[in-house]
Amino acid sequence: MGGVTCLDIKYLLFLQEIRESAPEWINNLMQLITDMAGGILILLIPMIAFFCVDKKKGEFIWISLAIASVINVFVKCLFCVYRPWIRSELINPSAKAIEGAGDYSFPSSHTQGSASAFGSLAYVYRKKKLLSIICICVILLVAFSRNYLGVHTPQDVLAGLFIAIVGIALTYFIQKKIDGSEKNRIIFCGIAVVTIMLALLFVSMKEYPIDLDASGNVLYDPLRSISSFASKAGLAIGFLAAWILEEKYIAFSTENLTFGHRIIRAVTAILLYFLMAIIAAGVSSIIPIAWVAAFMQNAIMYFGVIFFAPLIFTKIESHSRS
């Protein structure tokens, strides 16, 4: 392990030399790739696909993203691997990238998230070769950007890619088993919720390393990772609850949509996302326990979007057709 770790650091130092001598626009481009393709787009892709393009394919992307995100952060909490610059004082990561790197290092969440979203998109539209190639290129660019910016090692990004593949494979199995069965859907959600809550209990109660730097300061506060896992658990449970209730009480369809209706749905979902983010942040701010607040914030936000967006746009469409 020591030899592998040494090679990791040497590789990051090699990229660091390139980054420090590269034109600023290249470094800004790498940061943009990390922020967009590894950030906001991994939420917009399943949302737009689910509401506006193909409900079943969008469902696949959502489930894959939720499963892999929970597994990814659970593994982070399990292994507690410090970031490269903590492991070696020679590593000097991009200042902007550090702002979004507040968790344990292994595996990479940005890599896993982009691989889950774009990988699922490539899988469900695998007959569209150009789209699949673009998605794979984006995934590889995000993975490389995490190394280039100095915030993850090659091991981190490879593990993130692997977890995303596991999430896609599990989603294929789950969707095949459900196959329109409300009973199987409820059973899956029940198993998933119980598993996630047990994992959350484990993560919140396990012992974490508390290491100090030369000045006696704690290198990393593990409460941040507990909150990070809780937020992913909230995302998954909020989505699953809304998914069950939406199918039972609303059951929107993506069949025979006009271009205008697709635009209305996209705008509705995006506006509601930001509204629910504000509401969820307000509710979570009054909860004194950080990880509980993180759980509730994402649970409220994603339940609100997945359940209430269809409720709103189906009413609008019904009114416009009458």
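How much of the chain over residues 225–245 is helix and how much is strand, and how far apart are the end C-alpha atoms? Over that span the chain is 100% helix and 0% strand, with its end C-alpha atoms 30 Å apart, where helices (H or I, at least four residues) and strands (E, at least two) are DSSP runs numbered from the N terminus. The structure is a predicted model, in which local features need pLDDT of at least 70 and side-chain atom pairs count only at pLDDT 80 or more, while totals for chains, interfaces and linings use all residues. Residues are numbered from 1 along each chain as its sequence is written, and side-chain values use heavy atoms, with hydrogens and water left out.

The secondary structure of the protein comes to 12 helices and zero strands, so that a reading along the sequence gives the pattern α-α-α-α-α-α-α-α-α-α-α-α. The C-alpha atoms fill a box of roughly 70 × 45 × 35 Å along the principal axes. A compact globule of 322 residues would have a radius of gyration near 20 Å, and the protein, at 20 Å, agrees with this; the radius is taken over C-alpha atoms, and the globule rule is 2.2 Å times the number of residues to the power 0.38. Of the 322 residues, 50% count as buried, a label that means under 20% relative accessible area, with exposed meaning over 50% and partly exposed lying in between (1.4 Å probe, protein chains only). The protein exposes about 15700 Å², of which carbon and sulfur atoms supply 70%; such areas come from the Shrake-Rupley method with a 1.4 Å probe, and for residues only the protein chains shown count as cover. Among contacts with a separation of 6 or more, residues 24 or more positions apart account for 82%, a contact being heavy atoms within 4.5 Å.

Two kinds of annotation come from an unreviewed UniProt entry. The record places "domain: Phosphatidic acid phosphatase type 2/haloperoxidase" on residues 57–172, and in the model this stretch is 75% helix and 0% strand, with end C-alpha atoms 11 Å apart. The record also gives "transmembrane region" for several spans, including 225–245 and 299–316; residues 299–316 are 100% helix and 0% strand, and their end C-alpha atoms lie 26 Å apart. UniProt positions are given in the numbering used here, feature names are shortened, and annotations may be inferred rather than shown by experiment.

Helix α6 is mostly covered, with 14 of its 16 residues buried. Helix α7 (residues 129–148) has 20 residues and reaches 28 Å from its first C-alpha to its last, close to the 28 Å expected. Its buried residues include Cys135, Val138, Arg146 and Tyr148, and α7 is followed by Gly150, whose phi is positive, near 85°.

The interior can be described through its nonpolar cores, each a set of buried Ala, Val, Leu, Ile, Met, Phe, Trp, Tyr and Cys residues joined through side-chain atoms within 4.5 Å. In the largest, which has 59 residues, Phe51, Trp62, Phe188, Phe229 and Trp243 touch the most other members. Helices α2, α3, α8, α9, α10, α11 and α12 each supply at least two residues of this core, and α10 gives the most, with 12 residues. Apart from this core lies another, of 26 residues, among them Ile45, Ile61, Ala101 and Leu121.

The C-alpha atoms of Glu182 and Ile244, 62 residues apart along the chain, are separated by 8.4 Å. Ala236, found in helix α10, is buried at 3% relative accessibility and touches Ala66, Val70 and Ile196, again not counting residues up to four places away. The C-alpha atoms of Ala236 and Ala299 are separated by 7.5 Å, although the two residues lie 63 residues apart along the chain.

Terms used
Expected span 1.5 Å × (residues − 1).
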